[in-house]
Amino acid sequence: PKQNRHADVGKAILILQILDNMPATAENIAALMHNDIAGESLLQEVEAVLHDLESDDYVPVVEEGGSYRFLSEKLNEIQQERSRLHPRIHEMNRTLNQAVGSVFTPPPKARVGASRTETFGLKSRIEGIDHPVDGDRKEVQLIASLVQGSEYDAARSGLVQESTESDSRNTMFLIGHGSEAIQKVTEEIQRSKAIVERHRNSPDQEVQTFCRSQDQLAQKNVDELKRLLQSAFFDGSLIFRGSQQACNTLGTSIESATKAQFENAVERIFDKNSLADVHAQEKTSELFLQKNLSEITSQSDPLGLVTGTGSDRNINTDHPALVAIRDHIGVRGQVDGNSLQEFFQKPPYGWQKDTTRYLVTAMFKASAVKFKSSAQEITAPGDMALACIKTNNKFKNLISILNLLEVTFSTSN
């Protein structure tokens with residue numbers, strides 16, 4: 001019977017505790033209870049019983065360094081104090097958010113073309129509120145939530161609808177099945193932390209030993225919470241732009257399933273990255289501006305904007321990347337250099353800042369744009385033009401576009 005097995009394990013702990021020459025580990029307890037050399041090992045059953053005893057606030061058994069023992073009367077009082085603690089909601093949420101973060105640490109990576117690697121930012125949604133966990137400024141976000149019981153289907157349908165809204169175009173949603181086990185383990189973590197905080201400065205060595213055992217118990221429950229969350233999410237769904245898929249159809253674990261969904265999402269989010277999928281070097285713009293068209297090579301023109309042969313070479317201003325910049329300027333009429341780079345660094349483009357600066361340099365050399373400073377208009381390559389595009393720090397000092405295809409630079413640098 002279950003009660004007899006629990007009693008047997010308790011007796012074994014007491015015997016080993018009294019002998020004090022052998023640690024009361026699960027293995028030693030199982031060996032002490034073994035009564036037939038040909039019988040099956042009791043270790044798995046003993047480990048389950050030990051978990052029950054340790055989780056029961058009314059049984060004064062604790063584990064420290066893999067060894068179990070019964071508490072003294074003094075520590076039993078502290079254990080009862082622990083059982084009466086009621087963790088606050090915000091503390092529970094913080095612990096749950098940290099555990100959700102651990103499921104996706106390190107976060108999966110996805111390539112954006114050949115020139116960029118992305119990771120997603122993570123948020124945990126609890127009772128309708130999104131709590132940033134990590135990377136809240138990332139271009140792509142994953143919002144994870146847990147919903148229990150009969151509310152799950154309706155919540156999933158709501159996320160499918162939310163994922164179609166414009167504000168959610170760069171957001172993936174993950175919904176998992178909440179459970180009482182997740183709630184209970186989270187509470188136990190908080191109780192262990194709280195009781196240690198109350199007694200960590202006690203001069204009593206026995207109390208200090210108890211606090212260490214509670215730290216270990218908290219970490220064990222943190223690991224258990226991570227396992228429960230992995231299972232809860234893997235049994236759930238990933239949602240992106242109106243489409244939902246069961247996680248267990250995307251991979252063999254929640255990590256691999258999320259990575260697969262992320263790679264698919266990134267390809268769709270940065271769908272215009274291919275227009276300028278190169279990583280221009282810092283000196284690319286300078287070389288492009290200073291060289292004659294006949295001297296320009298792939299080092300100074302990685303996108304091959306210069307076409308033709310021999311003396312009949314020109315810059316293809318109808319290249320889709322240059323057209324995208326021209327349209328952006330035309331619609332807004334006034335853009336600063338920093339904003340220009342940031343706009344094309346974000347979805348759907350994802351271009352490197354050095355690449356955008358190189359593209360604008362090509363437009364200037366083709367006389368498609370002209371630069372202006374407060375002193376004078378710049379229309380031809382030279383020292384003043386070079387000062388405008390030489391580095392990203394120089395380029396971001398562009399202060400406005402006065403009219404279509406006119407770029408103005410500050411003279412402060």
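I began with Ser-243 and found it in strand E10, which spans residues 243–246 (strands, E, at least two residues, are DSSP runs numbered from the N terminus). I note that this is a predicted model, in which local features need pLDDT of at least 70 and side-chain atom pairs count only at pLDDT 80 or more, while totals for chains, interfaces and linings use all residues. Residues are numbered from 1 along each chain as its sequence is written, and side-chain values use heavy atoms, with hydrogens and water left out.

I looked up the accessibility of Ser-243, which counts as partly exposed because its relative accessibility is 37% (buried is under 20% relative accessible area, exposed over 50%, partly exposed in between, with a 1.4 Å probe and protein chains only). Its C-alpha atom is separated by 6.7 Å from that of Val-160, 83 residues apart along the chain.

I then turned to the rings of Phe, Tyr and Trp (its six-membered ring), which pair if their centres lie within 6.5 Å, with planes under 30 degrees apart counted as stacked, over 60 as edge-to-face and the rest as tilted. By this rule I have nine aromatic pairs. The pair Phe-343 and Tyr-349 is tilted, because the ring centres are 6.0 Å apart and the planes stand at 45°.

Tyr-349 and Trp-351 are both buried, whereas Phe-343, at 29% relative accessibility, is partly exposed. I recorded Phe-343, Phe-344, Tyr-349 and Trp-351 as one aromatic cluster.

Note on methods
Helix = DSSP H or I, 4+ residues; strand = E, 2+ residues; numbered from the N terminus.
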